[in-house]
Amino acid sequence: PDARFGDVFTCQSRTAGYASATIREIINGASCDTDQMAKYMMAAYMNVADGKVDFITFEALAAVWNEWSIKGYYEPMAGQKWGTYEILYYLRGTMD
């Protein structure tokens, strides 16, 4: 819980402020995470690590985060763009 978010996910460009937040801070609602993207990513990451989720990998989560952090959206397939809301909706599927 005291590891830094930036140790798990690459924080660049518009998400550089997330890098120094601890995982505990992210899960508890860090001030840098106004849209809760980091919170949902970390929760999904922990569920994958715990074996509760097997339809997404660590690498896929990192790809979503990296593309979103640079472009502000993620393209799950050519011509389809998921903004923050769509990504969060998808990540909710990793939680019970």
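Colleague: What should I know before reading the model?
Modeller: Residues are numbered from 1 along each chain as its sequence is written, and side-chain values use heavy atoms, leaving out hydrogens and water. The model is predicted, so local features need pLDDT of at least 70 and side-chain atom pairs count only at pLDDT 80 or more, while totals for chains, interfaces and linings use all residues.

Colleague: How are helix 3 and helix 4 oriented, roughly parallel or roughly antiparallel?
Modeller: Helices here are DSSP runs (H or I, at least four residues), numbered from the N terminus. Helix 3 (residues 37-49) and helix 4 (residues 58-71) pack at about 170°, with axes 10 Å apart. Angles over 145 degrees count as roughly antiparallel, so helix 3 and helix 4 are roughly antiparallel.

Colleague: Which residues of helix 4 make the contact with helix 3?
Modeller: Contact means heavy atoms within 4.5 Å. From helix 3 come residues including Met-41 and Tyr-45. Helix 4 brings Phe-58, Leu-61, Val-64, Trp-65 and Trp-68.

Colleague: Is Thr-15 buried or exposed?
Modeller: Thr-15 sits in the loop between helix 1 (5-8) and helix 2 (23-27), and among its contacts are Trp-65 and Trp-68. Buried means under 20% relative accessible area, with a 1.4 Å probe and protein chains only. The relative accessible area of Thr-15 is 0%, so Thr-15 is buried.

Colleague: Which residues have the most contacts inside the largest nonpolar core?
Modeller: Such a core is a set of buried Ala, Val, Leu, Ile, Met, Phe, Trp, Tyr and Cys residues joined through side-chain atoms within 4.5 Å. The largest has 26 residues, and helix 3 gives the largest share, seven. Those with the most contacts inside this core are Phe-5 and Trp-65.

Conventions
Axes fitted to C-alpha atoms, helices over the stretch in contact; angles between N-to-C directions. Helix = DSSP H or I, 4+ residues; strand = E, 2+ residues; numbered from the N terminus. Parallel < 35°, antiparallel > 145°, perpendicular 65-115°, else oblique. Buried < 20%, exposed > 50% of the residue type's maximum accessible area, 1.4 Å probe, protein only. Lists of a residue's contacts leave out its neighbours within four places in sequence.
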